[in-house]
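Thanks for coming. I have one structure to go through this morning, so please look at the screen.

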Amino acid sequence: MDFFKKIFGYFFRNELTIRHKLVNVILGTAFLVQFPSLIMGIIVRTSTMGIITQIVMIFFIALVLYFTNKYPDSSIPPMIIVGVANLLVFPYMYFVCGGYSSGIVIWILFGSIFTWLLVDTKPAIVITIIIFGLINGCLFIEKMYPQFVARLYTRNDEIMDTSLSFLFVTLIFGVIFKYQTAAYEKQAKTLRANDDALRNLNEDLEEANLRLATASEAKSSFLANMSHEIRTPINAVLGMDEMILRECRDKQILEYANDIDSAGHQLLSLVNDILDFSKIESGKMELHPVEYELFSVMYDCYNMILMRARRKDLTFTVANDPELPAFLFGDEVRIRQVIMNLLTNAVKYTKDGSVTLSFGFENIDEDNINLIISVKDTGIGISEDNQKSLFDSFTRLDENMHRNIEGTGLGLSITKKFTDMMGGTIDVESELYKGSTFTVTIPQKIAGREAIGKFDEKLNHKRVTVPEDRDITAAPAEKFTAPHARILVVDDVKMNLNVVRLLLKKTNVQTDLAASGDECLKYTLMKRYDIILMDHMMPIMDGIEAFHRIREQADGLNTDTPVVALTANALVGAQEMYLAEGFASYLSKPVKGSDLEDCLLKLLPEDKIVWEDNGNEDKA
Ligand code: ADP
């Protein structure tokens, strides 16, 4: 029993195709049928040649069966079976086993039908045509030369041969078709089961997707809220701290205030990084290409990093190709962010020596260049192994070595994502303990062909004087007053109202403070303002609604007053959103005194600005 099970298992193993299993069924059945057929041949006294042929057939079938299963992927065995049986064996048997009065015609029919089961359509057509030619040839020869055909001995033998041939062929086809139908049904059942399983899996996936999308949306809105919630208190902390830095003369307290200032800004950049990162992750980060002046990017980066470099006694230089086009078209904000991330790292990870920021370019075509920015430092460097995971999110290398250096491991991953989004590349060359050079290449459109010139010379021209002990971005020098200007500040957080009022104190502007949208609308009915500074997220009536209500206010005195969004909503795209609503400008919290003053300078009527140096003389 075991022996038969083994044989069955071998000929019908799972990896065989249905067609291959069919070949096994045909060959197996043909092999087994040969034995009773041989006995029948002896009974009906077939010619000796007929009997020898049948014995040869048994060996031939066994051989083909063996090779078919040894090389299951080959299409040659079915072709050999079909070719040999139809083109050699059956025509030969026609002449030695009794001609058209015997059962051989039924076997020839069998041969041509199973050709269609075993081989592809094209060879099957060719073989059928050949068989048709051959059988007609055999019939013709028998008619013309009956002596070439070895006939069976009696009419009874012929009838019996035909009858038994019919029985065997029917049996063989019966088995084949039954097997084939069963195999296809089994396969269809498996397919149906797989289909059901796939459908279920699909439904599960769709459900999971929906849950993920909801979770991701919840995450985004949580981040937006968190950004707002964190920025609001930082606004108060940094604003009040700025007042201490401005007004206090006690050296010790100034030192404390300086520390608060630097920790506050650090916290702010952390919130910004996390927001950027989650925006990129959710695919909501978009580029906002604009025309910009390259020198102002260089100048601002220079200014922002110079004090940090000085504090660590590092030499900081900016070098550039003077032939660079002065005006470019691209996402200036992201480019600044990329440069600042690299520069901050360079200063952070360099103990002594220098940091160099260089700008070069290569022409792509008439209208486009590759802007090449490189940041080189003489710092601790990055080992070759670590360079591979450098741009992965949340990766901080050699935590032990850097444990005193603040960081989240997000900066470079964001930098790389921004560069990718802009169609650029970022590379690093670094040697441990010697230093690193990060090179970013970003394609930019040329907005103006004029050459930028040498950064150093332009810088001297600007005559920048950087105070030795304070970051020039931290405390603005108040250069003007505007005692006749009237400003309305709207914010639901009392502390924020105070911060703005105090930051504007020295400009002598008249400030009214409104703690809600409703209160704001009362003020705008009573007084004409030069500027309204409006918070966005306020209970009951938010800043955008209040803004539109001011515009539509019947008898309102401020229907055309510039309204500035002063909000903690610092998500990417916020500025565009406020400008599109009709706001005159946008300031994000925590706001700096210098930003507020710049805003006044931009929006106040010129006759209300009084320059300190020139007495009452207008700047214009
Ligand atoms: P982090 O907030 O930790 O600075 P980044 O993504 O900016 O995160 O950098 C990832 C890691 O790459 C850092 O923790 C640091 O180990 C390494 N790294 C980045 N820039 C430099 C550099 N200029 N010199 C040496 N190591 C650097």
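Some ground rules come before that. This is a predicted model, in which local features need pLDDT of at least 70 and side-chain atom pairs count only at pLDDT 80 or more, while totals for chains, interfaces and linings use all residues. Residues are numbered from 1 along each chain as its sequence is written, and side-chain values use heavy atoms, with hydrogens and water left out.

Let me start with charges. Side chains of opposite charge can pair when their charged atoms come close. I call it a salt bridge when a side-chain nitrogen of Lys or Arg is within 4 Å of a carboxyl oxygen of Asp or Glu. The whole structure has 18 of these salt bridges.

One of them joins Arg 199 to Asp 196, at 3.0 Å from N to O. The two residues are 3 apart in helix 7, residues 155-247, so about one helical turn separates them. Helices here are DSSP runs of H or I with at least four residues, strands are runs of E with at least two, and both are numbered from the N terminus. For burial, buried means under 20% relative accessible area, exposed means over 50%, and partly exposed is in between, with a 1.4 Å probe and protein chains only. Arg 199 is partly exposed at 45%, and Asp 196 is partly exposed at 40%.

Helix 7 also holds Arg 246 and Glu 242, 4 residues apart, about one turn of the helix. Their salt bridge has its closest N and O atoms 3.3 Å apart. Are these two buried or exposed? Arg 246 counts as buried because its relative accessibility is 12%, and Glu 242 is buried as well, at 6%.

A further salt bridge is between Asp 530 and Lys 608, at 3.0 Å from N to O. This pair links distant parts of the chain, 78 residues apart: Asp 530 is in the loop between helix 15 (517-526) and strand 11, and Lys 608 is in the loop between helix 18 (593-603) and strand 14 (610-611). Asp 530 is buried at 11%, whereas Lys 608 is partly exposed at 23%.

Now the rings. Rings of Phe, Tyr and Trp (its six-membered ring) pair if their centres lie within 6.5 Å; planes under 30 degrees apart count as stacked, over 60 as edge-to-face and the rest as tilted. The structure holds 19 aromatic pairs. In one, Phe 3 and Phe 4 have ring centres 5.6 Å apart and planes at 70°, so they are edge-to-face. Phe 3 is exposed at 54%, and Phe 4 is exposed at 59%.

Tyr 302 and Phe 455 are also edge-to-face, because their planes are at 65°, with centres 5.5 Å apart. They come from distant parts of the chain, 153 residues apart, with Tyr 302 in helix 9 (294-311) and Phe 455 in helix 13 (455-462). Both Tyr 302 and Phe 455 are buried.

Next, the backbone. Most residues other than glycine have a negative phi. Tyr 433 has a positive phi, near 65°, and sits in the loop between strand 6 (425-431) and strand 7 (435-451). Ile 540 also has a positive phi, about 65°, in the loop between strand 11 (531-534) and helix 16 (543-552).

Last, Thr 567, which is in strand 12, residues 563-567. Thr 567 counts as buried because its relative accessibility is 0%. With contact meaning heavy atoms within 4.5 Å, and residues up to four places away in sequence left out, Thr 567 touches residues including Asp 535, His 536 and Tyr 578.
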